[in-house]
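Visitor: I am new to this structure. Please take a close look at one part, the protein surface near the DNA, and then place it in its surroundings.

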There are 2 protein chains.
Amino acid sequence: MATAKAEETRDRILDAALRLFRERGFEQTTMREVAIEAGVATGAAYYYYRSKEDLVMAFYLRTDDDAKEAFANVIASSKELKKRVRGLLDVKFEQFTEHRSLLAALLKAGVDPRARLSPFGKETKEVRDDNIEWFARALDESDVNVPKDIAADLPRLLWMYHMGLMYFWIIDESPGQRRTRRLIDATLDLVIQLLKVSTLPLMGPLRKRVLKVLRAIDEE
Amino acid sequence: MATAKAEETRDRILDAALRLFRERGFEQTTMREVAIEAGVATGAAYYYYRSKEDLVMAFYLRTDDDAKEAFANVIASSKELKKRVRGLLDVKFEQFTEHRSLLAALLKAGVDPRARLSPFGKETKEVRDDNIEWFARALDESDVNVPKDIAADLPRLLWMYHMGLMYFWIIDESPGQRRTRRLIDATLDLVIQLLKVSTLPLMGPLRKRVLKVLRAIDEE
DNA sequence: CTTGTGTTTTGAACACGTTCGAAACGCGAG
DNA sequence: CTCGCGTTTCGAACGTGTTCAAAACACAAG
């Protein structure tokens with residue numbers, strides 16, 4: 001049973017951690033520093049968070065919650081799929097823009113699925129499904145007609161697309177990450193166009209192929 | 001100036017490291033253990049290799065060299081592009097199959113380009129260009145006609161495709177990584193088909209779009 | 001108030017990557 | 001042979017993530 005005071009300590013530690021992570025980056029921040037900043041002993045931090053990476057996880061969960069409103073606004077603001085997806089991406093990047101090093105830690109962990117905070121692992125399933133759901137809403141009643149056979153999988157495809165962009169954004173050292181911005185411009189056009197074209201009569205086989213790829217990923 | 005004896009010590013350390021990495025994985029292997037296994041003091045390992053990850057780099061360089069012959073055989077064995085690419089992938093995966101944890105370390109480092117051994121960073125440029133060159137050779141005089149405008153970029157696209165597969169392979173915990181095998185089957189078909197279709201008269205604009213994406217990636 | 005129990009907090013200790021100053025070695029010059 | 005100097009080797013020490021046993025605390029029961 002967690003007491004109210006404990007909950008407060010817990011928050012204090014996370015806040016201290018995020019403050020330091022933002023100021024000097026994830027790697028450069030020491031757990032001892034986090035503890036001192038939060039006014040507790042080193043061990044206390046580990047009492048509330050299993051590891052340094054768990055703090056990232058907590059941040060991840062928090063952003064997911066914080067984004068709900070912004071996401072909803074994006075969907076409501078337009079029926080144009082392109083604008084919607086772009087809007088979702090904007091919210092995402094804005095959330096992480098002050099915390100690039102945390103996203104880097106997240107993606108680093110993404111390599112092995114046993115890691116607690118891999119974006120593809122079990123522990124993050126809830127956040128992931130949440131995010132995928134927003135892409136579903138972006139597609140829903142948008143200006144782009146989606147072929148029935150791939151409708152169920154499209155949200156996940158868009159999510160994967162967005163993960164790829166996140167990855168590139170982290171690698172991107174250009175000033176203001178403008179290479180990423182250009183990449184988004186170029187690929188978003190491509191993606192939307194591809195979707196529009198995919199409804200054409202001759203494209204059935206192509207859609208089937210794509211579905212086959214997705215099935216290859218899923219089936220154990 | 002490096003003496004012959006030094007060179008031998010250097011090799012001994014790398015061999016010991018790779019042996020241990022193979023037996024118990026990269027993370028689970030201690031630099032102290034590596035040193036002991038090589039019959040030297042801990043410091044000696046750091047005299048020859050700047051860091052634990054540098055050992056991975058050395059392995060990476062070595063595999064690159066070792067693969068040359070196998071790659072050449074693949075290209076020589078068939079003119080069919082699909083078979084060639086499949087062959088290159090097979091060689092790659094075989095090289096890493098005993099060293100999955102090393103590939104994981106490599107991809108982990110891939111997240112930040114400042115890391116010495118990021119597959120996208122400067123330090124690995126030589127190996128990377130080498131690998132891309134092999135995809136160029138696979139395309140050269142193959143059974144698939146390549147449109148001129150994208151010819152120059154195709155090798156790199158194939159290399160990126162292969163990196164994506166590597167990434168998936170690392171994440172893939174299915175027995176014998178058979179999900180990856182299925183993914184290769186499904187995507188390779190897709191890729192080749194796409195290439196074949198891309199020469200059709202109406203596909204000019206699509207190719208232009210793809211090129212635009214690549215340019216967005218390149219330009220600083 | 002005292003005792004017992006579960007919760008919270010502490011800080012020393014541990015493991016491991018890495019650094020560093022000193023020692024050992026090898027070898028050409030005198 | 002001896003000296004000097006660059007190369008190689010050594011192992012103690014440092015920093016940081018993490019663990020753990022013990023102390024402090026909160027509070028309900030008697």
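Guide: Some terms first. Ala, Val, Leu, Ile, Met, Phe, Trp, Tyr, Cys and Pro count as nonpolar, Asp, Glu, Lys and Arg as charged, and the others, Gly among them, as polar. By these classes the surface near DNA strand C has 9 nonpolar, 8 polar and 3 charged residues. A residue is near a strand if its C-beta atom, placed from the backbone, lies within 6 Å of it.

This is a predicted model, in which local features need pLDDT of at least 70 and side-chain atom pairs count only at pLDDT 80 or more, while totals for chains, interfaces and linings use all residues. Residues are numbered from 1 along each chain as its sequence is written, and chains are lettered from A and ligands numbered from 1 in the order in which they are written.

DNA strand C is surrounded by 20 residues. The closest of them are A:A6, A:V40, A:A41, A:G43 and B:G43. Helices (DSSP runs of H or I, at least four residues) and strands (runs of E, at least two) are numbered from the N terminus. At least two residues of this surface come from each of α1 (4-24) and α3 (42-48) of chain A, and likewise from each of α2 (31-38) and α3 (42-48) of chain B. The largest share, 4 residues, is that of α3(A).

DNA strand D also has 20 residues around it, and A:G43, A:Y46, B:A6, B:V40 and B:G43 are the closest. With 4 residues, α3(B) gives the most. The classes near DNA strand D come to 9 nonpolar, 8 polar and 3 charged residues.

The two protein chains also touch each other: 24 residues of chain A are in contact (C-beta atoms, placed from the backbone, within 7 Å) with 24 residues of chain B. On the chain A side, α6 (100-109), α9 (154-171), α10 (178-197) and α11 (204-218) give two or more residues. The largest share of that side, 7 residues, comes from α10(A). That side has 13 nonpolar, 2 polar and 9 charged residues.

As for chain A as a whole, its secondary structure comes to 11 helices and 0 strands. Its C-alpha trace spans about 65 × 40 × 30 Å along the principal axes.
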